[in-house]
Structure formats: C-alpha cells, structure tokens
Amino acid sequence: MGDSTQLNSVQPVVTEKGYKACVFEKAFEACIRVNSSLYNLDLSPADRTLIAEINGFTHVKEKIRELEQEILGREKAKYSQQVSDFANSLCEFATRISGLVEIFVPQSPEYAIPFNCIMFIFKTVVAKNEKQATLSDFFMKLSHSLPLADFYSQVVPTDDMKQAVASIYMEVIDLVERATAYCCLGTLRKLSDAILQPIEYRFEIYISNIESSKQKMIELRDAAQVARQADMHYTLDNTHQALGEFRQELNVSMTQMDSSIANLYKDMKTVKEKTEQLWYFESILHVNHLIESLLPDTPTSSEEIIMARNRHSNLSQKDRWENNGILQPLSIWSAASTTSDTSVLWIGGQTGQKDTWVTELSVDIVQALRCQDINMTLAHIFFDIIPGKVTTATDFIKLVIVRIIEQRPELIMELPRLLNTRSLRQSSNFLACWGIFEQIVMRLDTTLLILDRIDVSGQSTTDSSTIELILPRLLDVVSRMAGKLRIVITSTKKPPIAYKRHPNLSSLWLDTGIRPMKRDDRL
C-alpha cells in the first residue's frame with residue numbers, strides 16, 4: 001500500500017502435483033487486482049497504515065468499536081445513532097464474511113484484504129458524516145444475504161462447491177474494492193455522481209449476485225448430502241463394489257487428465273499474456289512516434305491538466321463549481337443525454353471581472369473520471385493553457401486525435417491505413433483532418449469530449465472562426481452516434497445565436513459575479 005506498509009503479493013494456490021488449482025484461479029486473480037488497486041489509491045500515510053495493520057475479522061471489529069467510542073465522545077447527539085448503526089452493520093458484515101475469508105487465508109494471508117477495506121470504509125464515511133444511514137441499511141441487508149460463518153464447515157468440498165465459494169469471495173472483494181475507491185474520491189464524488197448517469201456504483205447488484213451464489217451452494221450442499229447417504233447405503237449393502245472400483249480408476253484417469261489440462265491452460269495463458277503485452281508495447285511505440293510526427297510540441301494529457309489548473313487557480317470559494325449551483329443542471333443534462341438528442345452541453349460562465357470558473361470545472365471532471373475504472377474514452381482540449389498561442393480548427397482536430405490515441409493506443413493496430421505518419425502528414429487542411437477524426441470517433445463506444453474555453457480559439461485560413469467550423473460538424477456527429485458521444489463545451493460567452501435552440505445542444509450561463517444562473521428549458 002505505501003512503501004513501508006505495502007501488502008505482499010499473493011502467491012498462487014499450488015496442489016501436491018505442482019500446478020495451479022483452476023478452481024481458485026479467479027479468486028487468486030481478484031486478490032492480486034485488489035492489492036494492486038489499493039496500492040494505487042491516493043491515501044494519506046495514516047490511512048495506509050490503518051489498512052495495513054488490520055489482522056483478521058476480530059481485530060477489525062475491535063478497531064471499529066474503538067473508533068466508534070472515540071467519535072461518539074465528540075459527535076453531536078443527532079449523529080450518534082447513525083454512527084452506532086453503521087458500526088453495527090459493518091461488524092455484522094465482517095462476521096458474516098469471516099468464514100468465507102478463512103477458507104482462503106491458509107493459502108495466502110493477503111486473502112484477508114476485505115477486512116482492511118472495511119476498516120477504511122468505516123473511518124472515511126463516519127469522518128465525513130456521509131450517507132451513513134443508507135450504507136448501514138445496505139451492509140446489513142448484504143450481511144443477511146451471506147451464509148452464516150459456520151455454513152462452510154457443513155458442506156462437502158466438491159469442485160462445484162469450491163467454485164461457488166470462490167464466486168462469493170470475488171463478489172465480496174469486488175464490492176469492498178469499489179466501496180474503498182468510491183470513498184477515496186472525497187469532494188470529487190459529487191462531480192462523479194453528477195457526470196455518471198446512471199451512477200456507476202450500484203452496490204445493490206452485489207446482493208443479487210451473492211444470493212444467487214448462496215442458493216447454488218445450498219443446492220450443492222443438499223445434493224452432496226443426498227449423494228453421501230446413497231454412497232453409505234451402497235457401501236453397507238456391498239452391492240456396488242465393482243462400480244466403486246471402476247469409479248476409482250476413472251478418478252485416477254480424470255486426475256491425470258486434469259493435470260494435463262491445467263498445465264496446457266497455464267501455458268496458453270502465459271503465451272496470451274506475453275502476446276498482449278508485446279502488442280500493447282508496440283502500440284505505445286507507434287502512438288508516440290505518430291504524435292512526435294504530427295504535433296511534436298504537444299504536452300501530454302497529464303501535463304495539459306497541470307498547466308490548465310495552474311493557469312486558473314485563483315478563485316474564491318463561492319465561485320467554485322462545488323458552491324455556485326452548477327452541479328444540479330449538469331446532473332440533469334448527463335442523465336438526459338444518454339436517452340435523448342441533447343448530447344452537447346455548452347457551459348458559459350464568468351466571475352465578474354475575475355478569472356472564469358469554467359476551466360476548474362473542466363479539470364475536475366477529467367480528474368474525477370480518470371480515477372475510476374469506467375468503460376469510457378475521455379478526450380480533453382484546453383484552448384488557453386499556453387499564453388499567446390492560438391488554437392485553430394485544424395490544430396483542434398489534431399489535438400483531439402492525439403488525445404484519443406493516447407488513451408486508446410490499440411487504434412493504431414486496428415486502423416493502420418488511417419493512423420500512420422504518411423496519412424496524417426498528407427492531411428494538412430481542416431477537412432482532411434476532420435475526415436480522419438470522424439472515422440476514429442465513429443469506431444468508439446462511450447466517448448466524452450471536453451472542450452474548455454473554446455472562445456479563445458483562433459481563425460482558420462478561410463477566415464471562419466474555429467467555433468463556426470467545428471460546432472455544426474460536432475452536432476452532426478453526435479446526432480449519428482445515438483448517445484455514445486457526449487460533448488461538454490465551456491466558454492466565457494454564450495453559444496452562437498444560430499445554434500442556441502439546436503435540438504442537440506443544451507446551454508447554461510452563470511456569471512457568479514452577478515447571479516442568477518440562466519439555462520434553457522430542457523435543463
């Protein structure tokens with residue numbers, strides 16, 4: 001997790017014959033993924049230490065109770081019951097999963113990572129007084145969906161049962177991983193909830209998945225018990241000795257076959273992983289070479305974000321997006337844009353005579369979505385990050401292409417005739433570059449473009465402004481992509497009058513120096 005408290009890498013489960021047990025393969029991979037995800041979270045040293053020091057479900061319950069008493073000693077009376085309820089629900093959840101986790105811990109102690117995450121979730125949520133009642137009800141409901149801790153001692157360890165147990169473990173570990181990452185968002189969580197409509201973190205789905213796995217285990221347990229009774233009956237009557245010998249021979253043959261299949265599976269997986277790594281490495285090399293040829297002086301995506309934030313960091317608290325009222329209409333547009341034609345949002349904003357607030361909104365949207373594991377291509381252009389540099393319409397298209405292939409390097413391999421140095425060099429004018437952009441974006445699934453401060457863009461060689469060239473074409477593209485492409489445009493000016501009532505364009509205007517906000521009747 002940190003340098004001094006990082007959890008050790010999980011070791012694979014190995015059988016007596018030396019090959020990885022296939023039944024625990026997915027659980028093993030899930031544990032590796034969660035350890036890696038937690039290591040990459042932006043945690044304080046204190047929180048990293050808190051996660052790393054938890055040792056089992058008894059310890060996590062003790063630490064939760066200690067923190068509960070500490071908070072109740074200073075908390076207002078109206079929050080005391082919420083804190084206690086939340087502590088009770090998490091302790092019950094830890095108890096319910098203890099029997100499940102203890103099945104895996106003897107193979108590697110890192111399988112106990114859910115207890116570490118539970119401790120961090122409790123500390124983060126009660127420290128901010130956020131959604132305690134809702135989370136208490138959810139974790140209590142989830143606990144009731146899980147089998148009792150001693151359930152696992154009553155079952156017969158068949159391969160199907162092991163697979164069902166591994167499935168429940170993966171649901172639990174995926175849940176606590178996502179809940180931990182969601183808690184880490186802090187104030188960006190509000191912005192994430194506003195943009196992602198419907199919200200990505202639908203934790204209730206885990207209850208349904210766990211209940212299905214639980215029902216399957218109950219059926220397997222009952223079936224195994226019936227089979228065991230039948231075997232006892234046959235053994236006592238001594239009527240199926242020949243069948244038993246045949247089954248024994250068959251089991252030996254199946255064991256040998258399983259060993260061969262497992263080794264073959266392992267070799268195939270290794271070849272596949274190495275091939276994918278090589279393919280991805282080659283894609284990155286081609287992308288970097290292409291960018292150097294197309295726009296050699298272009299900053300990277302991360303550098304652009306830093307430059308944009310540094311250039312627009314002098315805002316008062318009342319002007320920031322958290323406090324100026326922009327979240328509600330932004331959330332309404334986001335929800336509507338996936339099911340209607342209004343896929344382009346123009347946000348116009350000023351702050352009196354001071355620096356505008358819209359760029360900070362654009363930067364925070366990018367950062368809020370970047371830190372989450374979502375299936376979305378996110379491209380952003382900040383038109384005013386370099387003082388004195390004017391971005392033309394052609395420059396804009398080239399920048400968008402660069403941002404897309406930075407995030408999706410595999411497009412280089414998928415579109416070799418289009419994305420190559422020769423093709424892009426020959427496409428020196430706006431219309432040629434736009435044709436390449438359209439072919440790329442039409443190939444993508446869910447895509448979000450953020451165009452910040454489009455009002456400072458320059459003139460093209462045809463004496464038309466960048467806005468006049470790209471806005472009608474963007475509106476045409478989103479109308480043909482059926483909600484897969486959404487665009488947020490920010491400016492210190494209102495949209496052109498000719499497009500103010502366009503069916504694909506929604507608009508907001510907010511000058512925090514004079515208020516109130518103006519928005520069209522669709523938001």
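This is a predicted model: local features need pLDDT of at least 70, side-chain atom pairs count only at pLDDT 80 or more; totals for chains, interfaces and linings use all residues.

User: How are the rings of Trp434 and Phe437 arranged, stacked or tilted?
Analyst: Tilted. The centres are 5.0 Å apart, with 55° between the planes. A stacked pair needs planes under 30 degrees apart, and edge-to-face needs over 60, so 55° falls in the tilted range.

User: Are those two buried or exposed?
Analyst: Trp434 is buried, and Phe437 is too.

User: How many aromatic pairs in total?
Analyst: Seven. One of them is Phe86 with Phe122: centres 5.7 Å apart and planes at 25°, so this pair is stacked.

User: Which helices do Phe86 and Phe122 lie in?
Analyst: Phe86 is in α4 and Phe122 in α5, so the pair ties together parts 36 residues apart in sequence. Phe86 is buried at 0% relative accessible area. Phe122 is also buried, at 0%.

User: Switching to the core. Which residues touch the most other members of the largest one?
Analyst: That core has 61 residues, and the top ones are Ile64, Phe86, Phe93, Phe115, Ile118, Phe122 and Tyr169. Elements giving two or more residues include α4, α5, α7 and α9. The largest share, 13 residues, comes from α7.

User: What does Ile118 touch?
Analyst: Leaving out residues up to four places away in sequence, Val60, Ile64, Leu90, Phe93, Ala94 and Ile97.

User: And what about a second core?
Analyst: There is a separate one of 49 residues, with Ile291, Leu294, Ile401 and Val478 among them.

Definitions and conventions:
Residues are numbered from 1 along each chain as its sequence is written. Side-chain values use heavy atoms; hydrogens and water are left out. A nonpolar core is a set of buried Ala, Val, Leu, Ile, Met, Phe, Trp, Tyr and Cys residues joined through side-chain atoms within 4.5 Å. Buried means under 20% relative accessible area, exposed over 50%, partly exposed in between (1.4 Å probe, protein chains only). Helices (H or I, at least four residues) and strands (E, at least two) are DSSP runs, numbered from the N terminus. Contact means heavy atoms within 4.5 Å. Rings of Phe, Tyr and Trp (its six-membered ring) pair if their centres lie within 6.5 Å; planes under 30 degrees apart count as stacked, over 60 as edge-to-face and the rest as tilted.
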